[in-house]
Amino acid sequence: MSATPVGVPAAPGRVSLPSLTVAVAIMLTGSVYPLLFADAHGRADHGLAMALFWAMSAGLVRGVGFVPHMALWRMLFSGPACAVALGLAAAIRWGGLE
């Protein structure tokens, strides 16, 4: 996991509409319906919230076209990471993962 050498520009990023759409949808839905982040008993579901916030963060970072220099951050805030986090959130919500 190496960072891009100093003085070497990173590849320019482009706007990713699917990632940005997912991020904005999570942001708006969570603002309008905060019980999205709760379990069946109305308590905060921290695992679900973590997965959704990761999906939202990755979607926003990749969606606006930002590409981090360091490989670890590029991996965690990529389009595929957004999809993985969204799948994890769905598995926690409806699959019984806790």
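Ala49 is found in helix H2, where helices (DSSP runs of H or I with at least four residues) and strands (runs of E with at least two) are numbered from the N terminus. The structure is a predicted model, in which local features need pLDDT of at least 70 and side-chain atom pairs count only at pLDDT 80 or more, while totals for chains, interfaces and linings use all residues. Residues are numbered from 1 along each chain as its sequence is written, and side-chain values use heavy atoms, with hydrogens and water left out.

The secondary structure of the protein chain amounts to four helices and zero strands, and the pattern along the sequence is α-α-α-α. Of the 98 residues in the protein chain, 24% count as buried, a term that stands for a relative accessible area under 20%, whereas exposed stands for over 50% and partly exposed for values in between, with a 1.4 Å probe and protein chains only. Among contacts (heavy atoms within 4.5 Å) between residues at least 6 apart in sequence, 67% join residues at least 24 apart.

Helix H2 comprises residues 46–63. At 1.5 Å a residue, its 18 residues should span 26 Å, and the end C-alpha atoms of H2 are 25 Å apart, which agrees; the expected span is 1.5 Å times one less than the number of residues in the helix. The buried residues of H2 are Leu48, Ala49, Ala51, Leu52, Ala55, Met56, Ala58, Gly59 and Gly63, and they pack against H1, helix H3 (71–76) and H4. An α-helix has 3.6 residues a turn, so residues three or four places apart point the same way. After H2 comes Gly65, whose phi is positive, near 95°.

Two packed helices are described by the angle between their axes and the distance between the axes. The axes of H2 and helix H4 (residues 79–94) come within 8 Å and cross at roughly 160°, where axes are lines fitted to C-alpha atoms, for helices over the stretch in contact, and angles run from 0 to 180 degrees between N-to-C directions. That angle makes H2 roughly antiparallel to H4, given that angles under 35 degrees count as roughly parallel, over 145 as roughly antiparallel, 65 to 115 as roughly perpendicular and the rest as oblique. The crossing of H2 with H4 is left-handed, a term used if the near helix is turned anticlockwise from the far one by less than a right angle, with right-handed used if the turn is clockwise. On the side of H2, the contact is made by Gly47, Leu48, Met50, Ala51, Leu52, Trp54, Ala55, Ala58, Gly59 and Arg62, and on the side of H4 by Gly79, Ala81, Cys82, Val84, Ala85, Leu86, Leu88, Ala89, Ile92 and Arg93. These residues divide into 15 nonpolar, three polar and two charged, where Ala, Val, Leu, Ile, Met, Phe, Trp, Tyr, Cys and Pro count as nonpolar, Asp, Glu, Lys and Arg as charged, and the others, Gly among them, as polar.

The axes of H2 and helix H1 (residues 17–32) come within 7 Å and cross at roughly 135°, which makes H1 oblique to H2, and this crossing is left-handed. In this contact Ser19, Leu20, Ala23, Ile26 and Met27 of H1 meet Leu52, Ala55, Met56, Gly59, Leu60, Arg62 and Gly63 of H2, and the classes are eight nonpolar, three polar and one charged.

Ser19 counts as buried at 7% relative accessibility and, not counting residues up to four places away in sequence, touches Gly59, Arg62, Gly63 and Gly79. Ile26, which also lies in H1, is buried with a relative accessible area of 8%. With neighbours within four places in sequence left aside, Ile26 is in contact with Leu52, Ala55, Met56 and Leu86; the C-alpha atoms of Ile26 and Ala55, 29 residues apart along the chain, are separated by 8.3 Å.

Arg14 is placed in the segment before H1 and is exposed, with a relative accessible area of 68%. Leaving aside neighbours within four places in sequence, Arg14 is in contact with Arg62 and Gly65, and Arg14 lies 7.7 Å from Phe66, C-alpha to C-alpha, at 52 residues apart in sequence.
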